[in-house]
Amino acid sequence: MMTPLPGATPLVPGSCTLPLPGIMAAIVDETGNDIPNGSGGMLVVKRPWPSMIRTIWNDPERFKTSYFPAEMGGKIYLAGDGAVRSADRGYFRITGRIDDVLNVSGHRMGTMEIESALVGCAHLVAEAAVVGRPDDLTGEAICAFVVLKRSRPTGDEAKKIANELRNWVAKEIGPIAKPKDIRFGDNLPKTRSGKNHAPFVAFYRQRRGHHARYFYFGKPSNFRPIGREAVSPPARSQKRVENKKGSQTILTAFFTLIMLYI
């Protein structure tokens, strides 16, 4: 719904540029009022479009409260993403999910912004995941889990790299975004599609507590999502392949019978 048109829209790194024709997107505050360009807010769509969701099966009330919140007047579609619009071109830039926002001393920041800043330190960082933890002074504190492009540091070397990364984030975003805790590890848990499993990182952070100095999840194949059967990913993949072959055999036999009948 927001993408540059080939050969027509100048590109800007990190921006999805402008909505497609007919999509009336805007950035508003918590009450649904428009925010001027250059300020961050919540991404909404002000007019319906042909492919939009119509309802939630057997739960129309949830559809209304989730996508057309009453505090915004109940007439604009809430996408669930935070965004900012550039002051010069009016281009949109997605800053992350609004439910993944950290409130640090009254400053609201998306976890994706901080993760992007950390990964932007390309000579050091391979992967990063950011979650919040309760803090008596700031309300929430930023906790970053970082995988380096080298072996995991220890002792004074770990402190030195952590300070370097904090200064990097302060330069890219601002001092308020500096992670209070930085944990170094060997890898991060992944979902089936290969994305970082942020809920599991937050769960681990909560269970291990403030005194966890390092983290280690082992190989991605050792990670088990909570609530799923303990079947290794290769076994599940093999099972899907076998099911696919069985379905193809049944379809082939079905169409062969139809051709013989004709």
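Mentor: Helices (H or I, at least four residues) and strands (E, at least two) are DSSP runs, numbered from the N terminus. On that basis the protein chain has five helices and nine strands. This is a predicted model: local features need pLDDT of at least 70, side-chain atom pairs count only at pLDDT 80 or more, and totals for chains, interfaces and linings use all residues. Residues are numbered from 1 along each chain as its sequence is written, and side-chain values use heavy atoms, with hydrogens and water left out.

Trainee: What pattern does the protein chain follow along the sequence?

Mentor: The pattern reads β-β-α-β-β-β-β-α-β-β-α-β-α-α.

Trainee: What is the mean pLDDT of the protein chain?

Mentor: pLDDT is the predictor's confidence in each residue, from 0 to 100. Its mean over the protein chain is 78, and 74% of the residues reach 70 or more. Among the elements, β1 has the highest mean (93) and helix α4 (residues 198–208) the lowest (52). Over residues 207–239 the pLDDT is below 50. Beyond near neighbours in sequence, that stretch has 51 contacts in the model, a contact being heavy atoms within 4.5 Å.

Trainee: Now the sheet, please. What is the order of its four strands?

Mentor: The order is β1-β2-β3-β4, in an open sheet with antiparallel pairing. Two strands count as paired if DSSP finds at least two bridges between them. The edge strands, β1 (25–28) and β4 (92–97), each pair on one side only. Neighbouring strands of this sheet are turned by 45 degrees against each other on average, direction ignored. The axes are lines fitted to C-alpha atoms, for helices over the stretch in contact, and angles run from 0 to 180 degrees between N-to-C directions.

Trainee: How many bridges join β2 and β3?

Mentor: Five bridges pair β2 (residues 40–45) with β3 (residues 77–85), in the antiparallel sense. V44 has L78 in β3 as its bridge partner.

Trainee: Which residues have the most contacts inside the largest nonpolar core?

Mentor: They are L118, V125, V146, L165 and F184, in a core of 23 residues. A nonpolar core is a set of buried Ala, Val, Leu, Ile, Met, Phe, Trp, Tyr and Cys residues joined through side-chain atoms within 4.5 Å. Buried means under 20% relative accessible area, exposed over 50%, and partly exposed in between (1.4 Å probe, protein chains only).

Trainee: Which element gives the most to this core?

Mentor: Helix α3 does, with five residues. The elements giving two or more residues include β7 (125–135), β8 (139–148) and α3 (155–172). A second, separate core of eight residues includes V45, W49, F63 and Y77.

Trainee: What does V125 touch, leaving aside its neighbours within four places in sequence?

Mentor: V125 is in contact with L118, V119, V146, V147, L148, K149 and L165.

Trainee: How much of the protein chain counts as buried?

Mentor: Of its 262 residues, 35% are buried.

Trainee: One last topic, the backbone. Where is N58 placed?

Mentor: N58 lies in the loop between β2 and α1 (60–67). Its phi is near 65 degrees, a positive value in a residue other than glycine. Most residues other than glycine have a negative phi. N58 is exposed, with a relative accessible area of 66%.

Trainee: And S105: what is its phi?

Mentor: S105 has a positive phi of about 55 degrees, although it is not a glycine. S105 sits in the loop between β5 and β6 (107–110) and is partly exposed, with a relative accessible area of 42%.
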